[in-house]
Amino acid sequence: MRVLGVDPGLTRCGVGVVEGVPGRPCTLIAYYVVYTDPADDLSLRLLHLDQSLTKLVAEHQPESVAVERVFSQHNVRTVMGTAQASGIAVLAGARAGLPVQTYTPSEVKAAVTGSGQADKAQMTAMVTRLLRLAEPPKPADAADALALAICHVWRGGTRSKLAEAADRARRGGAR
């Protein structure tokens, strides 16, 4: 399974692409950080992010997209930009007809490090180790995006199957 992971951000948006199957090490395909200039108009920043993510989805042909779920932060300005970038990432996947799954930071940390409380350094170290990289992906936004993609490879399929089974059960077992 090829997954494009997105660590949303309005100024820096991490994007990572991996291939793998649950229970096995993933393979790095590519990683990027899409930058927008805080001095630019919001509409232009969102447009640039949309065009960049759309291009990366077309280029890498993932089977699904994993996006970090926005969580409440104390800085409302920061969370607004992150939420807007997250919406663009979800839209890029949906526009391509791909399934899009969101994960909380603690879900990603738990999947990649075994602890939902892992810090940035632990996350980056595990992503480097799991992808068998010679050096850590930089900046941290790229490492976070790769962690999201790894999390989805390892947990996304199971989550989708559980959701499908629950849906079938609600419909009385019909397929």
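In what kind of crossing, left-handed or right-handed, does α3 pass α4?

## Basis of the model

This is a predicted model, in which local features need pLDDT of at least 70 and side-chain atom pairs count only at pLDDT 80 or more, while totals for chains, interfaces and linings use all residues. Residues are numbered from 1 along each chain as its sequence is written, and side-chain values use heavy atoms, with hydrogens and water left out.

## Packing of α3 and α4

The crossing of α3 past α4 is left-handed, a term for a near helix turned anticlockwise from the far one by less than a right angle. The axes, which are lines fitted to C-alpha atoms over the stretch in contact, lie 10 Å apart at an angle of about 45°. That makes α3 oblique to α4, oblique being what remains once angles under 35 degrees (roughly parallel), over 145 (roughly antiparallel) and 65 to 115 (roughly perpendicular) are set aside.

On the α3 side the contact (heavy atoms within 4.5 Å) is made by V108, K109, V112 and T113, and on the α4 side by Q122, M123, M126, V127 and L130. By class, six of these residues are nonpolar, two polar and one charged.

Leaving aside residues up to four places away in sequence, I150 touches V18, C26, V112, L130 and L131.

Terms used:
Axes fitted to C-alpha atoms, helices over the stretch in contact; angles between N-to-C directions. Helix = DSSP H or I, 4+ residues; strand = E, 2+ residues; numbered from the N terminus. Nonpolar A, V, L, I, M, F, W, Y, C, P; charged D, E, K, R; others polar.
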